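Q: I would like to learn how to read some features of a structure. Could we take them one at a time?
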Protein chains: 2
Amino acid sequence: MLDYALLAALAAVLRTGSFDRAAQQLHVTPSAVSQRVKLLEERLGTVLVVRGQPCTATPAGLRLCQHVEQVSLLESELRDSLPALAPAAAPATLRIAVNADSLATWFVGAMAAAPGCLFDLVIDDQDHSAEWLRKGEVLAAVTASAAPVGGCSSHALGSLRYIATASPDYLRRHFPGGVTAQALAAAPCLTFNRKDRLQANWLQAVLGTVPSPPTHWMPSTHAFVDAALAGLGWGMNPEHLVAGHLRAGRLVELMPGRPFDVPLHWQQSRIASATLAALTRAVLQAGRAALRPAAAA
Amino acid sequence: MLDYALLAALAAVLRTGSFDRAAQQLHVTPSAVSQRVKLLEERLGTVLVVRGQPCTATPAGLRLCQHVEQVSLLESELRDSLPALAPAAAPATLRIAVNADSLATWFVGAMAAAPGCLFDLVIDDQDHSAEWLRKGEVLAAVTASAAPVGGCSSHALGSLRYIATASPDYLRRHFPGGVTAQALAAAPCLTFNRKDRLQANWLQAVLGTVPSPPTHWMPSTHAFVDAALAGLGWGMNPEHLVAGHLRAGRLVELMPGRPFDVPLHWQQSRIASATLAALTRAVLQAGRAALRPAAAA
């Protein structure tokens, strides 16, 4: 077996971002933590922690940390069924990848319905979250792709509906002659980050071509809505977040009746964990209640 | 002078994340873009673009891209004063670092009040945003530190007030005997990410010591509020976002009358740019209207 005292020190450093805070969490001295991590690095012949403010993981460090968290999860379930074992210091932490728009609309409800564990959320685009699963860095993910990652099972959640929205004033300024392909090529839009293809995919769907409009880069779901309200640009916003603004006339649809649906899936590691199974049930229930039913096959 | 046709190709690849989209933006073929970037890499003897989905910058690529954007900004202002020059293809893009809580509360208003440019936002903790300025990767930043970064001027904005909040139900479950140091050490809290010291700093201020409570990691301002509402944990939330919830009783203060104020500063590169100066005026006005006055010196 691996030396879990060393591994726990590594995980605490990476979880808290510092040797001092890890020491406090483990009730040992910072020098003990430092020695354990060094010993582990010597045994493996590779650096595991990038010392800094905060300390971060090398790829090997991250992989080990993920292993420690999986073992902790299994241990916490073992303790539930064998109460004679000493209780764990803290509940297990589940590392999950979720897209920002799901987190802003329906995912917190699912987390709240699956209590008894701590969450470590990684936010990434739904087209890239499967990569975190593939690398073994998260135990489950909300992804755009249905194809199960190796060792994972995949469940359809339904579609998150997006609406291309802008403020009425913005529309008057940039589309005086209507929402034409030419005007769309010149009017500033909003893009979440370099991974975000939503605006491009919607333009492709409605125009059959993708112009390269000037763009703001705005990596926050709520700032996206706020920026549309403030007239900085148009963007694809989740219908949950703009329905009230559309009704009140603070936002308008760029092309009424042309929403864009993004099917989402829940992929979870097949590790035999009751906690993960309970979270999966809560996610499927919350997701299916909030999202539009997946198109019939 | 540098070869700006090559530099523009590099910047377009890094801005759009792909050679194809860069080609479309520059109205040339993808192979022309690829040749220009390769030529630049050969001349410099270093890789500038990490080819991938999306393409990302090496440190040298990022530095060059930043230079191109500064030159574009100056060019766009030159064009304003010399209209005989051919107009620029797109407005200049300002790359700015801002903390997530400012973006969620007052910063979008400042951006909307300084029109005429595009924004490329980098979101980072206020204790770390100055680092982006120091590396020359952004032109301005909202930071916690007043000490000006080299080549930058610093302006006090006022303080963002945080309140330690939780749901009434959470408080009943985890603090049946009151908000004691012992209960605070065991009750799950919320932490934004490994850089976030707000909860620890508040605990230090109110307890004189920092226990290591179990924590959820929740890297989103609005998810922080939603998670507090859902009873997942307590967290330091900006007063702007929780005032309504506190009035309605959906959230309660963990320790009434113990807010935590974080002074913020606007640091901007001293590059002679009218656009940046206009943004600075808008940021100071919006920030000072929304934030609490800085304590008298």
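**Reading the features**

A: This is a predicted model. We can begin with one residue: B:His222 counts as buried because its relative accessible area is 18%, and the cut-off for buried is under 20%.

Q: In which helix does B:His222 lie, and which residues does B:His222 touch?
A: B:His222 is part of helix α10 of chain B, residues 221-229. Leaving aside residues up to four places away in sequence, B:His222 touches A:His222, B:Ala104 and B:Leu241.

Q: How should I read the two faces of a strand, and which residues lie on each side of β5 of chain B?
A: In a regular strand, side chains alternate between the two faces of the sheet. Strand β5 of chain B spans residues 140-143 and is covered on both faces. One side carries B:Ala140 and B:Val142, the other B:Ala141 and B:Thr143, and all of these are buried.

Q: Which strand runs parallel to β5(B), and which pairs with β5(B) in the antiparallel sense?
A: Strand β3 of chain B, residues 93-98, runs parallel to β5(B) and is joined to it by 2 bridges. Within β5(B), B:Ala141 is the bridge partner of B:Ala97. Strand β11 of chain B, residues 260-269, pairs with β5(B) in the antiparallel sense over 4 bridges. There, B:Gln267 is the bridge partner of B:Ala141.

Q: How many disulfides does the structure hold over all chains?
A: A disulfide is a covalent bond between the sulfur atoms of two cysteines. Over all chains, the structure holds 0 disulfides.

Q: Which residues have the most contacts inside the largest nonpolar core?
A: They are A:Phe107, A:Trp202, A:Trp234 and A:Trp266, in a core of 63 residues. Another core, of 62 residues, lies apart from it; among its members are A:Ala100, B:Leu203, B:Val206 and B:Leu279.

Q: Where does UniProt place the feature "domain: HTH lysR-type"?
A: The unreviewed UniProt entry places that feature at residues 2-58 of chain A. Over residues 2-58 of chain A, the chain is 63% helix and 7% strand. The end C-alpha atoms of this stretch are 19 Å apart.

Technical notes
Residues are numbered from 1 along each chain as its sequence is written. Chains are lettered from A and ligands numbered from 1 in the order in which they are written. This is a predicted model: local features need pLDDT of at least 70, side-chain atom pairs count only at pLDDT 80 or more; totals for chains, interfaces and linings use all residues. Side-chain values use heavy atoms; hydrogens and water are left out. UniProt positions are given in the numbering used here, feature names are shortened, and annotations may be inferred rather than shown by experiment. A nonpolar core is a set of buried Ala, Val, Leu, Ile, Met, Phe, Trp, Tyr and Cys residues joined through side-chain atoms within 4.5 Å. Buried means under 20% relative accessible area, exposed over 50%, partly exposed in between (1.4 Å probe, protein chains only). A disulfide is a pair of cysteine sulfur atoms within 2.5 Å. Two strands pair if DSSP finds at least two bridges between them. Contact means heavy atoms within 4.5 Å.
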